[in-house]
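Welcome! Have a look at the chain below, and then take a short walk through its features with this briefing.

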Amino acid sequence: QVQLVESGGGLVQAGGSLTLSCAASEGTFSNYAMGWFRQAPGKEREFVAGVSWNAITRWYAEFPKGRFTIARHNANNTVDLQMNSLKPEDTAVYYCGAISTTKQRMGLIDVPSEYDYWGRGTQVTVSS
C-alpha cells in the first residue's frame with residue numbers, strides 16, 4: 001500500500017509560479033510510475049504529467065508543455081510539479097497518483113482509472 005499526500009497548493013496571480021509536492025509512504029515507492037492530474041469543478045480528472053519509476057522518462061499533456069516540470073526524487077519518496085506562467089484556467093484540484101510500472105509500460109500513464117493509489121489533492125487557484 002502506498003499513501004500519498006500532496007502539498008504546495010494555494011492562491012497565485014496569473015503569471016505566477018507554484019511547486020506542488022507529493023510525498024509517498026516508504027517501502028514500494030520505486031515500484032510505481034507517478035502522475036499528476038487535475039480536476040476542475042464539473043470536469044473530469046485530466047492528466048497533467050507523469051514520470052517513470054527511475055525518473056528517466058517524463059510525459060506531459062499538451063497544455064502544460066513548456067510551463068510545468070515534473071521531477072521525481074526516489075531518495076526521499078517525493079515527486080514534484082513545478083508550475084510556471086500559471087493561467088486562470090489552471091485552477092483546479094491537483095492530485096498525484098501511483099501506477100504500477102507494468103501498466104505504465106502498457107502506455108496507461110495518462111489514464112486515471114488505471115491508477116492504483118491517489119492522494120487527496122491540493123487546491124490551486126489562479127486569479128486573473
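Predicted model: local features only at pLDDT ≥ 70, side-chain atom pairs only at ≥ 80, totals over all residues.

**Aromatic rings**

- Phenylalanine 37 and phenylalanine 47 are both buried.
- Another pair brings together tyrosine 95 and tryptophan 118, with ring centres 6.5 Å apart; their planes stand at 85 degrees, so this pair is edge-to-face.
- Tyrosine 95 sits in strand S9 (residues 92–100) and tryptophan 118 in strand S10 (residues 117–118), so the pair ties together parts 23 residues apart in sequence.
- Are these two residues buried or partly exposed? Tyrosine 95 has a relative accessible area of 14%, which makes it buried because that value is under 20%. Tryptophan 118, at 28%, is partly exposed.
- Taken together, ring pairs join Phe37, Phe47, Tyr95, Tyr115 and Trp118 into a cluster.

**A charge over the rings**

- Arginine 45 places its charged end over the ring of tyrosine 95, at 3.7 Å from the ring centre.
- Arginine 45 also lies over the face of tryptophan 118, here at 4.6 Å from the centre of the ring.

**The disulfide**

- A disulfide is a covalent bond between the sulfur atoms of two cysteines.
- Which cysteines form the disulfide? The partners are cysteine 22 and cysteine 96, whose sulfur atoms are 1.9 Å apart.
- The link between cysteine 22 and cysteine 96 is right-handed, with 45 degrees about the S-S bond.
- Distant parts of the chain are linked here: cysteine 22 is in strand S3 (residues 18–24) and cysteine 96 is in strand S9, 74 residues apart.
- Cysteine 22 and cysteine 96 are both buried.

**The open sheet**

- In what order do the 4 strands of the open sheet lie? They run S1-S3-S8-S7, with antiparallel pairing.
- Strand S1 (4–7) and strand S7 (68–73) are the edge strands, each pairing on one side only.
- From one strand to the next, the twist averages 15 degrees.
- S3 and strand S8 (residues 78–83) run antiparallel and are joined by 6 bridges.
- Between these two strands, cysteine 22 has valine 79 of S8 as its bridge partner, and threonine 19 stands opposite glutamine 82 in S8.
- S7 and S8 also pair in the antiparallel sense, over 6 bridges. Here valine 79 in S8 is the bridge partner of arginine 72.
- S8 is mostly covered, with 5 of its 6 residues buried.

**Positive phi in the loops**

- Alanine 55 has a positive phi, near 70 degrees, although it is a residue other than glycine. Its place is the loop between S5 and strand S6 (58–60).
- Alanine 55 is partly exposed, with a relative accessible area of 26%.
- Asparagine 77, not a glycine either, has a positive phi of about 55 degrees. Asparagine 77 lies in the loop between S7 and S8, a hairpin with 4 residues between the strands.
- Asparagine 77 counts as buried, at 14% relative accessibility.

**A residue in the helix**

- Threonine 101 is found in helix H1 (residues 101–105).
- At 14% relative accessibility, threonine 101 counts as buried.
- Which residues does threonine 101 contact, leaving aside its neighbours within four places in sequence? The contacts are Asn31, Tyr32, Ala33 and Trp53.

Note on methods. Residues numbered from 1 in each chain as written. Heavy atoms only, no water. Buried < 20%, exposed > 50% of the residue type's maximum accessible area, 1.4 Å probe, protein only. Phe/Tyr/Trp six-rings, centres within 6.5 Å; stacked < 30°, edge-to-face > 60°. Lys NZ or Arg CZ within 6 Å of the ring centre and 35° of its normal. Disulfide = S-S within 2.5 Å. Pairing = 2+ DSSP bridges. Axes fitted to C-alpha atoms, helices over the stretch in contact; angles between N-to-C directions. Contact = heavy atoms within 4.5 Å.
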